[in-house]
Amino acid sequence: QQAAAYFTVYNTTNAPDRITGVQTGAGATAELHSASMKELSSATVPAHGKLTLRTGGMHVMIGQLFGRLRPGQFVNIDVTFVHAGSIDVVAKVLPYGATPPGGN
């Protein structure tokens, strides 16, 4: 009853920012995880840079799903930043094992 979310965060400002939390209505828990599946308390997005959450790397782990996620559905993920505040990410559900957009 778990799912992983992958996306890229772009920071177009002159200062680094940090992701400090993630939430979703798709499951009871949402956590930022390292490649080794360790929960992270935050992740830095460099100034004028990007942070890519991808398979085999940092990702969002959604646990205790509230229902079956079907390919083609969309899941909203609320990503909280120190400076940018709360940003809503809309992620498309892909079949298990499918290559995410961008080839990650």
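**Close-up views of a predicted model**

View 1. Buried means under 20% relative accessible area, exposed over 50%, and partly exposed in between (1.4 Å probe, protein chains only). Strands (E, at least two residues) are DSSP runs numbered from the N terminus. The model is predicted: local features need pLDDT of at least 70, side-chain atom pairs count only at pLDDT 80 or more, and totals for chains, interfaces and linings use all residues. Residues are numbered from 1 along each chain as its sequence is written, and side-chain values use heavy atoms, with hydrogens and water left out.

**View 2. The strand partners of β8.** Two strands pair if DSSP finds at least two bridges between them. β1 and β8 are antiparallel and share 4 bridges; here Ala 5 is opposite Val 60 of β8. β4 is also antiparallel to β8, with 6 bridges joining them, and His 33 lies opposite His 59 in β8.

**View 3. The strand partners of β3.** β3 runs antiparallel to β9, to which 5 bridges join it; Ile 19 has Phe 81 in β9 as its bridge partner. β3 also pairs with β6 in the antiparallel sense, over 3 bridges, and Asp 17 faces Val 45 in β6.

**View 4. The largest nonpolar core.** A nonpolar core is a set of buried Ala, Val, Leu, Ile, Met, Phe, Trp, Tyr and Cys residues joined through side-chain atoms within 4.5 Å. The largest one has 23 residues, and Phe 7, Ile 19, Val 22, Val 60, Ile 77 and Val 79 have the most contacts inside it. Elements giving two or more residues to this core include β1 (2-5), β3 (17-24) and β8 (59-65). The largest share, 4 residues, comes from β9. Leaving aside neighbours within four places in sequence, Ile 77 is in contact (heavy atoms within 4.5 Å) with residues including Phe 7, Val 22 and Val 89.

**View 5. The largest pocket.** On a 1 Å grid over the protein atoms alone, a pocket is an open set of points where a 1.4 Å probe fits, with protein on both sides within 12 Å along at least five of seven lines; lining residues have an atom within 4 Å of a point. The largest pocket has a volume of about 900 Å³, where volume is the space filled by probe spheres set on the points, which are joined across faces, edges and corners. Of its 30 lining residues, the closest to the centre are Ala 4, Ala 5, Tyr 6, Lys 92 and Leu 94. The largest share of the lining, 4 residues, comes from β1.
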